[in-house]
Amino acid sequence: MEDEILAKSLKEGRKITLKEHTEDVYRIARKLLDMDFSSNPPQYLKIIVELAALLHDIGKVDPVMQNILSKNIRSDSRRIDHALISYLLIDKNNFINYIRSLNIQDRDIDPYKIYAAVSRAVVFHHFRNSYLTTTKQRFLRLVQENNDKNIQEEEKTYIDDTILDKLKLTLQSIVDSVNDDKSIKYNVNDILVKDTAVLSRVINNLPDVSRMIFRLKGELNIYYSLYDHVDYSMYREQIGTDYTLKYEYIYPLGLLMRADALASWAEENLGQDSIQKVIQDIKPSNLSTQNISKQFNNRIIWQQKLVNIIQEFVDKNQIKLRGVILIAPTGVGKSEFAFYLASMLRLNKIIYTLPIRSAIDALYWRFKDKYKYEDSVDLIHSTSYLSKYQFIESDMDDMIWDGINTEYLLTLRETEEIGRQFVKPILFATGDQIYPAALRYPRFETVYSLLKNALLVNDELQQYTPSQIGILLNMLYDVKNMGGYFLFMTATIPMKIEDLKGLIEEDFQVIELGDDLDIKDIDTTKEAVLLINTTKLVDKYHDLEDLKIALNNSSKIHNITTIMIDNSDQEDKKYEEKDYLNDVYNKLRDHILNLIKERKVSRFLIIMNTVKRAQCLYEKLEGDSNFKDFKKMLLHSRYTNRDRAELSKSLINCMNNRSEQSENKTDGNRIIAITTQVVEASLDIDADILFTEVAPIENLIQRMGRINRHKVFKESDRDFQQKQPNIFIILPENTKNIRWLYRPYGSIIANIIDFLKENSSEFLGSPISFENKLKLVKKFYKTYSENNNTKKSKEIKWTYENYYLQIEESIEYIRSGGGALDRDDAQNIFRPVLTERVIPRSLVKELINDIKDAIEKNKEDSIFNIISDYEISVHRYVIKRDMIQDTESVLREELDGKEVIPNDIKNRIISLLKKYEIKIINAKYDGKGKGLVLADEDDSKDPIMI
């Protein structure tokens with residue numbers, strides 16, 4: 001290995017040669033490319049990806065870099081980034097002439113575009129925040145010292161003829177090694193430079209290097225300045241204004257980034273045959289209709305019929321379909337519809353997003369276990385590693401938590417890294433892992449490369465803020481330009497359909513499927529978005545009997561009523577929260593006892609708007625002897641990630657375990673669960689009765705979706721059930737002094753209370769269909785937005801117009817050139833950080849022991865996940881300053897008493913926890929009970945629904 005060119009220096013002094021690493025990257029990149037195109041990629045893309053993989057690291061032949069790698073030196077001030085040297089070792093004219101010499105009959109083979117795509121991938125495959133700064137400093141130093149003596153001295157440390165010849169031999173051996181029947185056997189020597197004065201080329205071609213760097217401007221929309229005199233017209237000349245051309249450059253670069261990162265991780269962590277292990281895990285999923293029906297056991301039928309109707313509609317009218325917006329109730333199988341749509345579009349990948357981690361966790365496990373997509377699905381979010389080993393079989397739990405089953409944990413770490421590079425064909429992710437890429441931070445190409453031949457699914461659109469929806473809608477155009485498709489699904493959204501159409505009609509034709517459209521109204525030259533309302537669909541397509549049944553079962557079993565809280569004596573004074581909670585509990589207790597006695601109901605769900613209220617009711621419930629035979633559960637956002645995952649799993653199991661013979665046993669089948677809004681989105685629980693605080697109309701409808709979610713009534717039961725309320729909305733009688741209870745939506749909630757009272761005869765007291773739920777939303781906004789004569793009308797109108805305006809502003813921000821400096825900045829723009837990451841003081845000792853064990857076992861790569869186990873996200877508004885303790889002082893206090901821990905490990909633990917910016921909070925924590933309890937919490941500043 002001494003005579004070979006090195007690519008990496010790993011832990012414990014192990015080296016990876018350039019030949020080994022390049023072959024690894026090449027094989028992974030080709031596997032990803034084949035998966036995206038069903039093993040039949042376009043020839044021009046194949047050439048770009050293969051050459052980029054072969055050439056991306058050739059700059060590491062630089063003697064300065066080799067010295068760093070061989071001696072394990074951290075850095076060298078003379079070093080210019082190897083990616084730039086790789087670029088300078090490629091001769092542009094030689095490259096273009098070589099592509100021409102291949103004589104491939106493909107109209108997309110443009111040698112200049114292939115050169116631009118390959119060189120861009122080579123230069124930017126390692127782009128990071130410090131890239132331009134360090135490059136500028138090194139170039140400026142060389143320019144300042146630009147005299148013959150210095151150039152001659154520097155050239156001695158750079159590439160000579162012997163080194164260049166070694167590089168060419170290495171590259172050719174790589175080509176011979178990776179060559180197969182599908183590969184072009186490249187003559188790489190015909191692509192590289194002929195001379196050896198690389199340093200001179202760097203100094204004499206600074207403008208050329210600048211052009212390469214400034215290619216990023218088009219994606220970042222941010223001006224970087226390597227030199228004050230950079231001529232931006234050079235950038236425009238080289239890249240041009242062809243919008244679609246930029247997207248052709250994005251895909252191969254993103255693919256190379258993913259392949260390179262995954263190869264590097266595997267080489268570092270998996271040892272011999274590492275790449276073979278990784279490649280075996282990259283396999284396409286069979287998304288054919290036949291296979292999907294088999295996976296779903298033929299139980300889901302209407303979804304397939306619906307896509308057949310869409311296909312017929314598209315074919316008949318010659319429409320280029322790019323997207324679908326589906327408006328349908330919860331519990332009818334929207335998630336499964338995504339798979340049938342991907343099948344219709346002949347796609348190989350699905351990227352399925354939800355805004356809440358617990359919801360995407362539940363969906364991931366439903367498809368992995370229930371539908372047996374074990375090898376095809378992956379879960380991506382900030383604590384997905386934790387979620388994966390939280391949901392394994394219960395008999396494995398002790399082994400994992402005690403650190404015994406290290407082989408199994410290794411497998412989890414492998415799959416987690418594979419997930420981080422997005423290689424599985426079916427990805428379940430939280431929205432903040434995907435959509436911030438629309439802000440085009442450095443390395444956004446990693447995410448965008450996923451969109452090629454993929455279906456991007458956004459479920460629960462109504463859960464996003466207006467500014468987030470603006471970013472989502474912006475991404476529609478990028479999905480289209482990357483050659484992908486999108487599916488947006490929602491039960492409700494506080495926006496008129498006409499306004500939603502208006503936001504996207506500029507580039508897309510929006511067609512509402514189910515309307516009687518004149519063929520002349522359809523522009524077949526434009527790409528289309530089908531807007532589907534399932535209730536209209538049933539009205540128009542009468543053969544969809546199974547969809548009718550699904551809609552009936554999901555909507556007509558909901559019968560809404562109200563529980564009025566008598567606060568009439570509070571008219572002239574503030575309705576204190578303690579009085580409000582006492583009144584609420586007394587009403588709930590009486591109703592629950594009556595329901596148990598009269599209807600033998602066994603599963604109750606109570607949703608409160610704040611954590612503090614949920615904790616308070618749970619405490620009252622625990623001390624009430626009337627419910628000693630019921631399992632009581634509490635779920636909200638203030639548990640550690642580990643405890644929250646366990647509680648979510650337990651809640652799902654208890655609510656969905658409907659054993660008829662155990663209705664009167666205390667085995668989890670009789671349950672009262674108190675939660676916050678964390679259960680709203682796609683958490684697959686199935687309760688009998690819902691009690692909920694009043695909330696925005698859209699949230700109320702989402703909460704209803706947790707009731708009788710899977711139950712199919714017999715006809716003999718239906719009349720009985722329709723007459724019985726199962727949705728109870730808690731409303732104070734007097735709305736004058738209660739607005740502070742519902743911050744920040746106090747005015748809106750007060751108006752909703754009045755609206756529900758005024759329209760009780762129309763929407764309450766009888767079974768309500770999904771269509772009537774939508775009418776409820778529309779009527780609320782229409783009532784108050786079209787009547788400007790009252791104060792409350794103006795409040796609602798302002799709220800709606802402000803909602804719509806924020807979406808427009810978000811769209812305009814990106815279209816006018818707004819972007820993000822880095823990934824963290826993009827995520828903060830998408831989801832502003834309003835929470836603090838805290839660890840309860842009582843858990844610090846246990847956390848220290850876990851980190852110490854990881855350090856001693858040389859498993860530092862798992863420390864982030866360990867810290868995540870103990871972490872809780874808490875809104876800043878409810879944390880008082882004196883609750884936060886100095887992290888280092890607390891750690892020193894705990895560690896000073898541990899003589900058995902060496903000082904270097906103690907210092908390492910402190911530096912790690914400070915690095916991750918975790919705050920230690922002095923507050924009670926009970927992971928099996930109330931969670932984190934903040935004493936004297938001021939709910940007047942606590943946002944509703946957390």
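I began with a definition: a charge sits over a ring if NZ of Lys or CZ of Arg is within 6 Å of the ring centre and within 35 degrees of the ring normal. With that in hand, I looked up Arg322 and found that Arg322 lies over the face of Tyr485, at 4.6 Å from the ring centre. I then noted that Arg642 lies over the face of Tyr870, at 5.2 Å from the ring centre.

I remind myself that this is a predicted model, in which local features need pLDDT of at least 70 and side-chain atom pairs count only at pLDDT 80 or more, while totals for chains, interfaces and linings use all residues. Residues are numbered from 1 along each chain as its sequence is written, and side-chain values use heavy atoms, with hydrogens and water left out.

Next I turned to ring pairs, where rings of Phe, Tyr and Trp (its six-membered ring) pair if their centres lie within 6.5 Å, and planes under 30 degrees apart count as stacked, over 60 as edge-to-face and the rest as tilted. The structure holds 19 aromatic pairs. In one of them, the rings of Phe95 and Tyr115 have centres 5.5 Å apart and planes at 65 degrees, so this pair is edge-to-face. I checked burial, which means under 20% relative accessible area with a 1.4 Å probe and protein chains only, and both Phe95 and Tyr115 are buried.

I also looked up Phe339 and Phe367, whose ring centres are 4.6 Å apart and whose planes are at 5 degrees, so the pair is stacked. Both Phe339 and Phe367 are buried, and they belong to one aromatic cluster together with Tyr352, Tyr364, Trp365, Tyr371 and Phe428.

Key: Buried means under 20% relative accessible area, exposed over 50%, partly exposed in between (1.4 Å probe, protein chains only).
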